[in-house]
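Here is a short briefing on one protein chain. Keep the sequence and the 3D view open as you read.

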Amino acid sequence: MGCDLRSPLLFDYMDINSNITSIKGVGAKSAELFNKLGVETIYDLIHYYPRAYCTYPQPESSISNICGDEYCAIEGICHKSLITKKTARMDITLGTVNLGDDQVDLVWFRQPYIKSKVSPGKRYIFYGMVRMEKGRYKMEQPAVYLPEEYRSLTTGLYPVYSLTKGLTNSKIGKMVDSSFGMIGTISDHLCDDIRKKAGLYHLREALYHIHFPDNEVDRKKARERLAFDEFFDLSMILNLEIGRSEKEPNTFKLPENKYSQKVASSLPFELTEGQKSTLSDIESDITGDVITQRLVQGDVGSGKTVIAFLAMTRFAENGYQSVIMAPTEVLAWQHYETFLRMIKEQDLPFKAVLLTGSMKAAEKRTARELIASGEANFVIGTHALFQDSVTYHDLGLVITDEQHRFGVKQRKALTGKGGDVFSIVMSATPIPRTLAMILYAGMNISVIPSLPAERLPVKNAVVGKDKREASYRFIAKEIAAGHQAMIICPMIEASMESDKTDRENVEEYAKTIRPYFDPSVSIGILHGRLEPNKKDKVLSDFAAGKIHIIISTTVIEVGVNVPNATVMMIENANCFGLSQLHQLRGRVGRGAFQSYCILVCTSDDKDSMARLNILASSNDGFFIANEDLKLRGAGDMLGVRQSGDMSFKIADIYADSELLVAARDAALDLLAKDPELTSDEGSLIASHLHEVRKHQFTNL
Ligand code: ADP
Ligand code: MG
């Protein structure tokens with residue numbers, strides 16, 4: 001099987017962005033089904049990669065080698081002609097094939113034409129599933145092949161696609177195949193040089209053979225090329241977006257460390273080793289020769305805020321301003337309050353100023369004035385911080401917290417504000433170092449590997465639906481003891497989709513559980529469709545203890561710190577990825593109290609239980625990410641994927657880590673030679689990236 005590359009002179013080729021209805025055999029009805037799979041154009045179809053591959057088994061000529069539930073091929077002879085019976089509902093075609101001494105009954109529904117395909121006395125291979133029924137072997141709807149025809153199939157690999165009802169695997173395969181014929185040749189945006197260096201397939205070969213590989217080696221090569229592209233594209237886009245400016249010399253003078261020393265030594269707790277080494281990394285950055293950017297990766301609850309405070313104090317004590325930007329108003333408020341408390345407790349001569357979008361105009365004006373005059377040493381806020389009307393005064397450091405909520409552009413806008421300033425990005429997403437190197441191109445990386453030792457580990461329970469009421473009673477007790485609880489549901493409102501009907505939704509859930517609690521218990525709801533103001537109000541009421549139970553979708557996942565919350569109950573926990581569950585669980589266990597996480601598993605599937613038990617057995621985010629990976633083979637386990645920062649269809653950030661490094665190096669090499677992508681090779685890549693942005697990395 002090769003590519004169908006007809007000469008462009010003889011054939012009018014289709015634009016790859018044409019609608020799939022331009023493929024022969026795709027009418028309005030199938031187009032609708034394809035749309036359900038996210039396939040609207042020929043481009044989409046060609047990039048609709050198989051989810052797996054199957055091989056055709058060697059044909060058996062004895063029934064004894066065949067075990068129940070698997071597709072198999074049997075070789076034998078039908079001594080009699082097939083017969084077709086007409087029933088009121090459909091045509092049924094019947095026959096019997098002899099394999100040595102055994103007989104297998106054959107049944108086809110609605111396929112009367114099969115009769116003419118099978119001649120008595122001739123040898124055939126039937127491919128299907130054999131079952132035992134009323135003491136006889138039976139194969140339903142088998143595919144029929146001549147022996148030589150079948151044997152040519154057994155050497156290949158066949159694509160298995162994710163389907164939707166009404167669309168068969170073979171239809172998708174056929175349409176993909178015709179697409180290749182229709183669009184003619186596919187040119188490669190990667191030049192020979194890059195391809196040769198990394199030992200990659202031509203794009204045309206890779207795209208065709210990812211669907212129709214000749215063999216396993218071929219499939220691997222095709223996959224490798226496409227995975228390389230995903231890494232390469234992301235690397236290029238991020239590097240182009242952020243700009244790989246030359247390292248600027250560090251002109252900040254930071255000799256004074258009186259206050260930061262004092263704060264560090266009089267904290268109510270001992271810093272963890274990870275916190276200490278992160279601080280010393282930051283110290284060598286800011287006293288070094290050049291301006292740097294640093295990523296601080298630390299699990300939820302690892303204590304990143306105090307790092308921010310100490311780093312900002314280092315600048316304040318030397319007369320420089322610094323900024324911390326949070327992704328939500330509530331988080332900004334929380335940081336502000338923490339900062340005010342620390343300043344007071346430590347008796348520091350510094351001023352913290354808050355600036356968020358929801359503040360009144362007059363308050364904002366005052367804040368801006370304090371920032372511009374330099375009276376504000378610590379500036380805390382949301383994206384309102386990078387509006388044009390904000391002018392900074394001797395800005396030295398910009399910190400962005402829980403970065404994965406920010407797009408690259410926003411990050412750039414804020415960093416661009418103060419000219420050349422130090423920047424620190426704080427993230428709780430446990431991504432492997434190799435990927436961090438790409439996503440945070442040009443940044444140094446520090447990791448805080450463990451949580452403070454004296455923190456009481458969250459107690460976990462994986463339960464079935466039958467334990468719901470007991471859970472509510474437990475929550476009621478915790479509330480009576482002065483604590484708060486969060487319940488997560490996967491949906492906002494009742495779903496019409498049949499496969500989602502057993503998923504709990506926030507709106508109904510709040511009503512359902514009401515009777516289980518005393519009227520004095522206040523229940524709030526939170527989800528992404530609430531207006532931003534309402535969302536923030538609910539969260540701040542919860543933080544202030546005015547709401548006892550918050551029922552929420554996963555929007556609560558990022559960074560909310562309510563140490564008084566001691567129960568996290570997650571409905572339909574089996575619907576979530578482990579890493580995401582871990583992030584959710586990180587919302588409790590942040591104070592001095594014992595906290596609990598109740599995972600309600602609503603699937604009877606043994607694997608779901610096993611997966612959730614991994615979570616119950618460990619509170620370590622990196623460990624969980626790895627286990628999750630082993631079970632699911634990477635992919636969408638990462639919070640980063642949900643945030644829309646990137647999506648890999650085929651690449652696996654763990655298994656393909658070598659490829660990832662090669663792709664990043666290739667991208668950096670190219671950009672070093674051709675930073676604006678103006679050369680012949682570069683401009684091909686530039687227009688390719690333009691397409692990719694449309695199709696894949698839409699949110700960057
Ligand atoms: P995150 O890394 O998720 O942002 P926070 O900075 O909000 O975590 O810290 C969570 C809690 O842990 C805070 O109440 C903080 O005061 C506390 N904390 C931070 N560092 C330590 C430490 N070394 N020992 C004990 N508690 C700590
Ligand atoms: Mg935090």
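Predicted model: local features only at pLDDT ≥ 70, side-chain atom pairs only at ≥ 80, totals over all residues.

Residues are numbered from 1 along each chain as its sequence is written, chains are lettered from A and ligands numbered from 1 in the order in which they are written, and side-chain values use heavy atoms, with hydrogens and water left out.

**Confidence**

- pLDDT is the predictor's confidence in each residue, from 0 to 100.
- The chain has a mean pLDDT of 86. A value of 70 or more is reached by 89% of its residues.
- Over residues 1-11, pLDDT stays under 50. The model has 20 contacts (heavy atoms within 4.5 Å) for this stretch beyond four places in sequence.
- Residues 633-646 also have pLDDT under 50 throughout. For them the model has 41 contacts beyond four places in sequence.

- Helices (H or I, at least four residues) and strands (E, at least two) are DSSP runs, numbered from the N terminus. Two strands pair if DSSP finds at least two bridges between them.
- Strand 20 covers residues 549-552. Ile-549 and Ile-551 point one way, while Ile-550 and Ser-552 point the other way.
- Are these four residues of strand 20 buried or exposed? All are buried. Buried means under 20% relative accessible area, exposed over 50%, and partly exposed in between (1.4 Å probe, protein chains only).
- Strand 18 (residues 484-488) runs parallel to strand 20, joined by 4 bridges. Ile-487 has Ile-551 as its bridge partner.
- Strand 19 (residues 523-526) is also parallel to strand 20, again with 4 bridges. Here Leu-526 stands opposite Ser-552.
- Strand 19, helix 18 (residues 532-543) and strand 20 build a right-handed β-α-β unit. Right-handed means that, with the strands pointing away from the viewer, the path from the first strand over the helix to the second runs clockwise.

**A hairpin**

- Strand 3 (residues 83-86) and strand 4 (residues 91-99) pair antiparallel over 4 bridges.
- The two strands form a hairpin, with 4 residues between them. Thr-84 has Thr-93 in strand 4 as its bridge partner.

**Aromatic pairs**

- The whole structure holds 27 aromatic pairs. Rings of Phe, Tyr and Trp (its six-membered ring) pair if their centres lie within 6.5 Å; planes under 30 degrees apart count as stacked, over 60 as edge-to-face and the rest as tilted.
- Tyr-56 and Tyr-145 form an edge-to-face pair, 6.3 Å centre to centre with 75° between the planes.
- Why does this pair tie together parts that are 89 residues apart in sequence? Tyr-56 lies in the loop between strand 1 (52-54) and strand 2 (71-77), and Tyr-145 lies in strand 8 (residues 143-145).
- Both Tyr-56 and Tyr-145 are buried.
- Phe-309 and Phe-339 are another edge-to-face pair, at 4.9 Å centre to centre and 90° between the planes. Phe-309 sits in helix 11 (residues 304-316) and Phe-339 in helix 12 (residues 329-345), 30 residues apart. Both Phe-309 and Phe-339 are buried.
- Ring pairs also link a cluster, with Tyr-56, Tyr-71, Tyr-127, Tyr-145, Tyr-150 and Tyr-158.

**Thr-305**

- Thr-305 is in helix 11. Its relative accessibility is 27%, so Thr-305 counts as partly exposed.
- Beyond its neighbours within four places in sequence, Thr-305 contacts His-335, Thr-338 and Phe-339.
- Thr-305 and Met-426 are 121 residues apart along the chain, and 8.9 Å separates their C-alpha atoms.
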